[in-house]
Every structure is written in structure tokens, then in C-alpha cells.
Amino acid sequence: MSPDENHKILFEPVKIGPKTTKNRFYQVPHCNGMGHRWPRTMAEMRGVKAEGGWAVVCTEECSIHPTSDLTPATLMRLWDDSDLPVHELMVNKVHEHDALAGIQLVHNGLSVSNYLSRMPALAPSAAPTETSNSTQARGMDKSDIKALRGWFRDAALRSRRAGYDIIYVYAAHGIMTLLFQFLLKRFNQRTDEYGGNLTNRVRLLREVLEDTKDAVGHDCAIALRFAVDELLGEDGMNKAEAQDIVGSLAELPDLWDVNVADWGNDSLPSRFGTEGSQEEYIKFVKQTTSKPVVGVGRFTSPDTMVSQIKRGVLDLIGAARPSIADPFLPNKIQQGRSDEIRECIGCNMCTSGDFVAYPMRCTQNPTMGEEWRKGWHPEKISKAASNDSVLVVGGGPSGLEAALALSNRGYDVTLSEAASELGGRVLQETSLKPLAEWKRVSDHRTYMLSTRSNVETYVDSALTAEQVLELGCTHVAIATGARWQTNFIGAHHRQPILGAPPEMVLAPETILSGSAVSGKVMVYDDDHYYLASAIAEHLAEAGHEVVLVTPDADIASWTHNTLENAHIQTRLRELGVAIICNHAVKSVKQKSVTLACVYIGAETTVGVDAIVPVTSRKSTDGLYSELMEIPQQWSDHGVQSVTRIGDSFAPGTIAMAVYSGHAYARNLNTPTDYHTLFKRENDFDTHKFLESPRI
């Protein structure tokens, strides 16, 4: 198959300085929680993207010196020659598939505290570090600036030795980068030639660009990553200053990589922005420079990509999250299989890997981060080890993924769903407007299953244990999900709260099903992820007076890891939602809830008409329990195994449910133990790389 005629422009080469891309698909630098700590895992992940058709595959940010120590975050380092083997490993993986490798060099200035190196942080002017743990960055003198320029030059030379094709000068993502800090008046209070007016504040960035071009520009393309707006008005980088900066540097880099800052605005969650949302901010850049421009916008639609190119917004389609959700997105478009793209849902589960310092995972793509550790490939899977048939009970995210992966292996699959539509919890939760794009999880799998001749799907089909056995499938996967508890057991409450009038307590499913709710509603968040805030937003937009309460110091606290928290806080306050933190539910009575301060126990009574506890879920495993009570009958019907997967085994995130379904399918009839579940990198030898096949 070949690409749609309208999409052929996406496969034109683009010249970037001395390098030329094979198409317009460009994986921009993005964090992944692997970096120098898990180099094989990182390199294989990048290599799979190159295999999937991305013309350029970049690293995450790469620290150039111990004064820019990102510990505890797990990113890349290029402090000295001892770091080169990790980079060579990645570059070789990318080059295997005729893609260009890019490296994003960075000094983070006052945004790090140098926990490992224990060196004072550097800044344009003396200031507290961004981590604010009683540490301050010292203001740089002229000798520091000279040294910094030398560090960048040395890192560029090492990058060329490692084999990189594109070398970044990085001044983006708000205060994350020292070069950007120099541009900002709120951090740069210098009175010498590096401070004051805009020309002076741009001076260091210009010098580093010129130094980098002088050092490696004949062999490598030089990219400038620049944030054109912080969305802070005159207090931050704004359109007027950005236009002046782009105008003054227009022809100096070989490539402009442009975005908005900070990271939460750049990787905007789908709850708060749509595909291509950065266009209005970045479109002026292409009109200012003759050099190619790359930008991002959670692009998954080839028509949107083509539109941006034809209208002169971008030359290259940048992607971080879409390349994570589907590393083979370019190849699928080129092969005329756009309808098979696993579209990014913008949940930002991927970004949590950087904040929590573990290998990145993805809700849509369960193989992400497991390419080397488990040998999982996003498009390849081992063939069935037998002619066994499999019954999957439950069509939620885990059941859908299990059925799809099993069908890809060649098993005959029967999928039974009790509801009238496939989707399970995804279908429920995406009834809330803020979470609508998350429906792509079930939509993709439902569509792909519809193309499979070895899958029979039944809805409105609740099964009893006897009916499961009568179907006579060799293996049974129970994916019946979980339900929210109404007894208030959660992260704070380890015991149930008794005595609440039943009519006062509404399960989250009541809201998700669209049932009528009246009066003032309290939403109690002892789950600390997205759902409580989404329900509060939904109710407020429906005209309810809403109070959101949490025993935590912050609402939806885990969403700091997914870059949603600031947006959630803003949205709820704009809607007039009352927010009460550090308080737990003490008791529920008719028309009122008594709260207690988590520190001193002081009580407060709030009058409400109903309370929605978003606390914890209990597995719906009744069918599994019934089957486990009659194992002696299994063999009479040819049943060899019964296994719980997803939320029915252990309630968790949608990403965990999808992963569980995929792991079940991958491992069926395959011996597994601790050593084959995943490989470890504690034997990494910087002088010898061990390769392993993927299936």
C-alpha cells in the first residue's frame, strides 16, 4: 500500500544544514525516565522509533556539566568522555534504520540543585534554585560565562564524536534551561553586557550558537529550540520579545524547533487543549526565517499535519507523545494505514516517568519502555504456541487489549461484554467532557478487533460460571474490572466510615452514568489522580455548587506528574469550585458532612446535599471466584486455565489495565519466571554492548 495522495508531502526530504531528512517526521527531544541509568532500555526505545519511520530521533535533554546535575531525574549526561558509550549505543540504534540522531545539550542553571555533584547551581543573577530546598544559585561572573561557553563547545565536539547528526542549543521550556533564564528579565538582573536590554540578554544565546556552529557546523546540523511564549504576559517571554529574538537570530541556526513554555503548556494535556493548539503562537517563526521549522501539537491526524505544512506553519512535523503512543505512526501513514494509528490520548502518563524517575510508560502503547527489558515490539508479536482458544470476559481496556494481542498472535478469541457497548471504564469515564479524548483507548482496539476474522465479539452478554465452561475455550481471561467503593476506604481512610445515609453517598459511577443529581455536591478526593477533579469540573459546569475536599495538601496531587495540576487548579477556580485541602471526612449525616483537619483534628461541618467519594476501587471478581470454586469441572469442558487481568486482578490506572491485558496475551503458553519477566541493566559494560532480538 502507498500513502494517500494528499499525504505524500509528508514524505518529502528536508535539508537541515549539512544533513537531509528522509521525510518530515521528527521525534523532538523528550524525557523518558531511562537516560544514563537504563541505557539499553533507552537506546532500544529510540531505535524502535527510527524503525517506525521517524526521520529524526532525538535524545531527551542532556546535561553538559556537573553544575547541571539533574539528579534524581534520569536523563542523559555528557560530562566527559566516559559518557560517550551510552550515546554511541543510541546513535547506532537510530542509524540502523536510516534516521538522523539528534542530541539536546543543556545547562539547567537555577532549575537544579545538583544533589549528586554537590556543586552550587549557576544562574544569570543570584537567586533561590527552582527546587527551593534552602539552596541558592550563585550569579555567574565573566569567568563562569567563559567556562560555560567552553562546556557547550566541548559537549558539541563529543556529540559529533558519538555520531550525532543534529546538535541542539536549548533555550526553551521556561526556566528549565540556563540560556532561557538569561533571556528573561525576572531572572536576569545583570547590569553588564549580558543583562538589561534584549540585545544584551540574547548575547549568551547568540555566542553559544556561534560557538557550536564553529565547532561542528560543517559536519552537524545546529538546531535552536526556543520557547516563543510563556503565556505569562509581560512577566515572561511573550510574542513581542520572541519576534525580536527570532528576527535577530533568524538565519543563525540550521533549524528552529519552537514551542510554548512551560512544559505543562508545551505538552498540554488533552483535558485542556486540542491537536495543533500551538499554531497561533509559533506560526510567525516560519515567516521570519528561511531555515526549516519544526513544532509540536500532539499531531495524530495526517490531514492536520499536511495542513500545517501547506499553510506554511511548519516544515517538519514534530512529535513527542504521538511517537510514544505509536512509534510506527509514519510508516502507517506511508503504507496507507492511517486508520490503524494508535492515537495519543494526551493523558501524559508518559511524562510521569521523568518526575518519578522510572522508565516511561504509555496508556495507549503497553510496549513502551519494554522494547529491551522484555523484548516487546509494538508491531511484532510471537505466533501462538498452540491451537488453543481463549475466552476474554470483559470488554474494558484490559480485555480489549488482551483480545487484540491474542488475535495478533493467531489465537481464536471470544470476547464477551456484559454491557451494550465495548469500553468498560473508558466508556464510563469519557462520558465526562474533560476526558473525551481518552475514548481513543477503546475506539482503537474496538476498530482493530472488527478487522480480525479470528475474534468473535458479543455484547449484552453477561456470563455465569456454568456458561463460561460450556463455551469450552482452552483459556479464560477474566477482565471484569472494578467498581468504586462508597465506604470511603482510600489512601487516608484505611477503615470504612460507618453510618452515612445511603441517599447521601453517590458512587462515581452514578455521575459517570449521567444519573440526575441535585443540590450542592461535595467531591471527596482520596484517590489523588484525575477523576475527582474531572467529576467536580463536570458538576460545576452543569450548574451545581461544588466543594472539592481532600486529605492531601493539594488536590489531584499525582497530576503534578502528568502536567495537569496547574491547569486543573485554574479550571476549578474559574468555575467557582470551593477547595478544601488537609481535611478528611469524619462523618456523613443527612444534608451535612463533618470534616477533620488531618493534623490537629479540628472539625468543620459543611452543608451539602450529596457526597461523591473518589477513594478506591474493589475488583469485580465474583465470576472468577465462582470458577475457582469448581476447578474439578474445568477439564470436562477443556478449560486449562482461568486468569484475572486488569482491574479485576488489581485496580489501577487505565495504562496498568492495558499493560496487564497485553502481558497476559504475550505470556500465554510461554514459560515465565523472574529472569524472563524483564532483563536488568546492572551488568552494563560501557565497552561492550550486548544485543538481544525482539519479537
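Here is a short walk through some features of this predicted model.

Q: Let's begin with salt bridges. How many does a search of the whole structure find?
A: A salt bridge pairs a Lys or Arg side-chain nitrogen with an Asp or Glu carboxyl oxygen, within 4 Å. In this model, a search of the whole structure turns up 42 salt bridges.

Q: Can you show me one? Which side chain does R24 meet in a salt bridge?
A: R24 meets E12, with N to O at 2.6 Å. R24 sits in the loop between β2 (19-21) and β3 (25-27), while E12 is in the segment before β1 (14-16), so the pair ties together parts that are 12 residues apart in sequence.

Q: What about a salt bridge between helices? Where do R149 and D211 lie?
A: First, the bridge itself: the side chains of R149 and D211 meet at 2.8 Å, N to O. R149 is in helix α3 (residues 142-162) and D211 is in helix α5 (residues 198-216), so this pair ties together parts that are 62 residues apart in sequence. Try the cut-offs again: R149 is partly exposed because its relative accessibility is 27%, and D211 is buried because its value is 15%.

Q: And which residue forms a salt bridge with R617?
A: That's D647, and the closest N and O atoms are 2.8 Å apart. R617 belongs to strand β27 (residues 617-619), whereas D647 is in the loop between β28 and α21 (654-667), 30 residues apart, and the pair links distant parts of the chain. Both R617 and D647 are buried. Salt bridges can share partners too: R298, E343, E437 and R440 are joined into one network that way.

Q: Now for charges on the surface. Which residues gather in a patch of negative charge?
A: Asp and Glu count as negative. In this model, E466, E470, E626 and E629 form such a patch on the surface. Take E629: you'll find it in the loop between α20 (622-628) and β28 (641-644). E629 counts as exposed because its relative accessibility is 61%.

Q: How do I read a helix? Which residues of α19 are buried?
A: Look for the side that is covered, then ask what covers it. In α19 (residues 565-574), the buried residues are N565, H567, I568, Q569 and L572. They pack against α7 (263-266), α18 (531-541), β21 (546-549) and β22 (578-580). After α19 comes G576, which has a positive phi, near 80°.

Terms used. Residues are numbered from 1 along each chain as its sequence is written. This is a predicted model: local features need pLDDT of at least 70, side-chain atom pairs count only at pLDDT 80 or more; totals for chains, interfaces and linings use all residues. Side-chain values use heavy atoms; hydrogens and water are left out. Patches are made of residues with over 30% relative accessible area and no salt bridge: like charges are joined within 9 Å, nonpolar side chains (Val, Leu, Ile, Met, Phe, Trp, Tyr) within 5 Å. Accessible areas come from the Shrake-Rupley method with a 1.4 Å probe; for residues, only the protein chains shown count as cover. The place of a charge is taken as NZ of Lys, CZ of Arg, CG of Asp or CD of Glu. Helices (H or I, at least four residues) and strands (E, at least two) are DSSP runs, numbered from the N terminus. Buried means under 20% relative accessible area, exposed over 50%, partly exposed in between (1.4 Å probe, protein chains only). Contact means heavy atoms within 4.5 Å.
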